[in-house]
Amino acid sequence: MLPIPFLVLLLSSILSPSSAADFCAADLSLPTNPAGFSCKKTSTVSISDFVFSGLGAPGNTNNIVKAAVTPAFTSQFPGLNGLGLSLARLDLDIGGVIPLHTHPAASEVLLVIQGSIEAGFISSSSSVYYKTLNKGDTMVFPQGLLHFQVQSGSTPAVAFATFNSPDPGLQITSLSLFGSSLPSQLVEKVTFLDDAQVKKLKKVLGGSG
């Protein structure tokens, strides 16, 4: 009998959209399904499905967090569909921060190419792992764990992230709590913050309730 992990790996390879053909460029005109995007007809696939130029330009950091994330996920880069990977560019101005967030569907590897970034993650046992990364440093963030990136030093920072999913998903903790319609009374109970603090954060992040 085959070990269960091997069976899971075998089934995933059989069921993968890319396993039955050379590629599965996403048909963005069709709705998504649990397996992702449907494949384009081969006759409609072009080189533009396999090339994305959006990571070459800096993102707009003129915002509350002084940071920008430029994604290269399936929606922007159809050729990634079914291949199990994606990318993103991070631009952090002086004082910039990518707040605590998770990627439910992917692990992340971060490569710093300019400046310095203080980055870290929190394990499910509440252990904290963080370090100041400099140009050329790489750090991995395990799937589903809360993590962050904060600009460090006297110059803006730039990094590139890769994910082992074409659509890693994203949930930013502060936006989920204070940028949503979750009633303030419930937010106060689950965060132990007082009413004034919760209303202030909701006002800043655009929440209601």
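His-103 is buried, at 7% relative accessible area (buried means under 20%, exposed over 50% and partly exposed in between, with a 1.4 Å probe and protein chains only). The model is predicted: local features need pLDDT of at least 70, side-chain atom pairs count only at pLDDT 80 or more, and totals for chains, interfaces and linings use all residues. Residues are numbered from 1 along each chain as its sequence is written, and side-chain values use heavy atoms, with hydrogens and water left out.

The protein has four helices and ten strands. Both are DSSP runs numbered from the N terminus, helices being H or I of at least four residues and strands E of at least two. Their order along the sequence is α-β-β-β-β-β-β-β-β-β-β-α-α-α. Along the principal axes, the C-alpha atoms fill a box of roughly 55 × 40 × 40 Å. Of the 209 residues, 33% count as buried.

His-103 sits in the loop between S3 and strand S4 (108-114). Glu-108 belongs to strand S4. Glu-108 is also buried, at 2% relative accessibility. A polar contact of 3.2 Å links the two side chains, Glu-108 and His-103. Such a contact is a pair of N or O atoms within 3.5 Å; within protein, one must be able to donate a hydrogen and the other to accept it, and residues adjacent in sequence count only if both atoms are side-chain atoms.

For His-103 they include Gln-143, His-147, Phe-163 and Leu-170. For Glu-108 they include His-101, Met-139, His-147 and Phe-163.

UniProt, in an unreviewed entry, lists His-103 and Glu-108 under "binding site". Such annotations may be inferred rather than shown by experiment. The lining of the largest pocket takes in His-103 and Glu-108. A pocket, on a 1 Å grid over the protein atoms alone, is an open set of points where a 1.4 Å probe fits, with protein on both sides within 12 Å along at least five of seven lines; lining residues have an atom within 4 Å of a point.

The volume of the largest pocket is about 420 Å³, taken as the space filled by probe spheres set on the points. Its lining has 27 residues, with Val-69, Ile-98, Pro-99, Leu-170 and Ile-172 nearest the centre. Elements giving two or more residues to this lining include strand S1 (67-72), strand S3 (97-102) and helix H4 (195-205). By class, the lining holds 20 nonpolar, six polar and one charged residues.

Technical notes:
Ala, Val, Leu, Ile, Met, Phe, Trp, Tyr, Cys and Pro count as nonpolar, Asp, Glu, Lys and Arg as charged, and the others, Gly among them, as polar. Contact means heavy atoms within 4.5 Å. Lists of a residue's contacts leave out its neighbours within four places in sequence.
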